Amino acid sequence: GINAEYGDCSTRCYTDAQCLSWRFDGKNCALSSSVPHNVYASGITSGVKNVWNLEDQSLTVNRVDGYPASGNMTLMPLSTSQVKTTYGTSLDFQTLWKQFAQDGSFSGVNSQGLHGAIALQTQLSPKQNTTLSFVLSWYFPNKDIVGQIVGNYYATLYKDSLDIATSVTSRIPNICLLYTSDAADEED
């Protein structure tokens, strides 16, 4: 299918030292040594070379540096106390979905992949409820305006998306979050 084919194109880029981005038109895979601007084109799937890594209980994808699409994104659990956290990456979203549908978890991280995910699990007693939260942070420091890289202000405050996620999770207890559930009250 198309997913496997564009996954193959991504794999070709991942294994080619000169490749920084790829483009798949449904039949042909084109590799590029640069990263063009994001442009929508019907029937085209494209991507930027990236590498996934698991560090400090966080899943981060890093894209090549020096282009407007360069940067990284991190998924981090808000709390790891009494929470089982699993991570997954795949070239095909359906593979991740099938893993999650089996038992609510993922089977692991491969440094190559187009898609990444996090799953949080905990044990609850009858009539107990809880909220399991995670942080999605991003760091794309090379904002482009009409061909000129002007940057993003947050790039002066943080070094990457993991730094942002760590900062946010450390401040969450000091932020007042109110969640009410009428449904939980009705069950009693």
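Cys-29 is partly exposed in this predicted model, with a relative accessible area of 23%, a value that falls between the limits for buried (under 20% relative accessible area) and exposed (over 50%), as computed with a 1.4 Å probe on protein chains only. The sulfur atom of Cys-29 lies 2.0 Å from that of Cys-9, and the two residues form a disulfide, the term being applied to a pair of cysteine sulfur atoms within 2.5 Å. This pair joins distant parts of the chain, since Cys-9 belongs to helix H1 (residues 2-15) and Cys-29 to strand S2 (residues 29-32), 20 residues apart; helices (H or I, at least four residues) and strands (E, at least two) are DSSP runs numbered from the N terminus. The link of Cys-9 and Cys-29 is right-handed, with 80° about the S-S bond.

A search of the whole structure finds two disulfides, and Cys-13 and Cys-19 form a disulfide with their sulfur atoms 2.1 Å apart. The torsion about the S-S bond of Cys-13 and Cys-19 is about -100°, so this disulfide is left-handed, and both of these cysteines are buried. When bonded cysteines are counted along the chain, the disulfides of the protein follow the pattern 1-4, 2-3.

Residues are numbered from 1 along each chain as its sequence is written, and side-chain values use heavy atoms, with hydrogens and water left out. Because the model is predicted, local features need pLDDT of at least 70 and side-chain atom pairs count only at pLDDT 80 or more, whereas totals for chains, interfaces and linings use all residues.
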